[in-house]
Amino acid sequence: MKTLDDLLGEGVSGRRVFVRADLNVPFDKANPGVISDDGRARAVLPTLIALRDAGARVIVASHLGRPKGAPDPKYTLRPVATRLAELLGSSVVFADDTVGPEATQVVAELQDGQVLLLENLRFNEGETSKDDAVRGAFADQLAAFADFYVDDAFGAVHRKHASVYDLPARLPHYAGGLVLKEIEVLKRVSESPEQPYVVVLGGSKVSDKLAVIQALLPKVDKLLVGGGMCFTFLKAQGHEVGKSLLEAEMIETCQELLKQAEGRIVLPVDVVAATEFSADADHVTVDASEIPADRLGLDIGPRSTALFAEAIAGAKTVFWNGPMGVFELAPFAAGTRGVAEAITKIDGFSVVGGGDSAAAVRTLGLDESAFGHISTGGGASLEYLEGKTLPGVAALEK
């Protein structure tokens with residue numbers, strides 16, 4: 001796999017370099033157009049700065065959200081272009097389309113050291129099409145813009161999309177520093193983790209994490225389960241879970257996992273149970289085996305937080321994916337905060353597996369540098385750990 005350093009060594013001054021970035025940033029729900037977490041934008045800065053400073057004409061492309069293959073103002077990347085310019089400390093040209101007349105003109109007018117951001121790739125149906133011909137046709141249009149291709153969008157490498165999978169086949173292609181770092185870290189925690197190895201999983205559904213649980217269970221010393229998914233495990237143990245999130249069809253699977261784990265799966269012993277999903281809801285801490293029928297669990301309780309922290313304390317390797325509760329609501333953030341703080345204190349290597357976990361680190365104001373690595377791709381991280389082939393990585397290796 002060729003790298004960005006290889007490309008820079010070949011010389012890029014005056015050449016057009018297409019950079020597939022992951023600028024799929026979250027926005028403040030109360031203030032549309034205001035980015036609530038620019039972590040993904042900051043993660044790609046080293047690649048953009050290196051190319052800009054080397055005199056390349058940099059064409060950046062990304063998706064944002066899930067538009068239906070057509071322009072949708074709700075998902076425009078224009079606010080991201082503004083933020084990217086602030087982070088770069090230099091102007092960013094923005095094209096209001098992806099491969100249309102404006103993009104074509106702006107690409108033609110790009111000067112050495114300039115950075116251009118194209119509009120949302122998913123505004124074109126060819127980006128996500130399952131039809132190889134349709135996807136390929138869109139990739140052909142994108143390829144016409146550039147001399148080289150760099151993928152630094154780890155958060156998208158598990159997608160067989162035109163800009164991720166088909167475009168690198170049409171241009172000399174290189175892996176950006178972020179993608180290389182992510183793969184290096186995930187290899188470390190999946191192939192040669194230093195023991196004791198503790199994995200912390202949260203999030204809403206067991207079904208979303210089943211494959212990674214099955215892949216990691218033989219390798220871990222402890223698997224700590226919080227978040228909404230813990231209630232299906234608690235139900236599998238015979239406990240009532242009230243109105244908590246429950247995947248009834250996964251109860252038998254959870255029973256089998258608990259049997260296979262032989263005590264290595266650790267579940268909450270208490271939970272914060274509320275009358276409704278609201279920051280203003282009445283809430284109490286109850287034993288995990290005694291959740292009232294009219295309440296739902298929205299966070300692990302203090303005894304569970306202490307139990308999880310104790311398990312984490314002796315670890316040499318920790319991988320964390322998924323919050324312990326609804327951390328966005330203040331009354332239900334303590335579990336996630338407590339577990340995250342415990343991870344920062346280990347004498348070893350820790351990985352935050354992207355997605356909501358990375359968002360929680362920033363939302364709760366935790367020190368990012370206290371973690372060994374914060375991934376930019378939750379879904380991609382999980383699929384890598386499951387042992388799946390990631391289309392974007394495979395394309396770079398060809």
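What share of the contacts in the protein chain with a separation of 6 or more comes from residues 24 or more positions apart?

1. That share is 72%, where a contact is heavy atoms within 4.5 Å. Before going on: this is a predicted model, with local features needing pLDDT of at least 70 and side-chain atom pairs counted only at pLDDT 80 or more, while totals for chains, interfaces and linings use all residues. Numbering runs from 1 along each chain as its sequence is written, and side-chain values use heavy atoms, with hydrogens and water left out.

2. On the overall build, the protein chain has 16 helices and 15 strands (DSSP runs numbered from the N terminus: H or I of at least four residues for helices, E of at least two for strands). Its radius of gyration, taken over C-alpha atoms, is 22 Å, close to the 21 Å from the globule rule for 398 residues, so the chain is as compact as a globular protein of that length. The rule is 2.2 Å times the number of residues to the power 0.38.

3. The C-alpha trace spans about 65 × 45 × 40 Å along its principal axes. Of the 398 residues, 56% are buried (under 20% relative accessible area, 1.4 Å probe, protein chains only).

4. Lys-209, Ala-211, Val-212, Ala-215 and Leu-216 of α9 meet Leu-382, Leu-385 and Glu-386 of α15.

Methods
Buried < 20%, exposed > 50% of the residue type's maximum accessible area, 1.4 Å probe, protein only.
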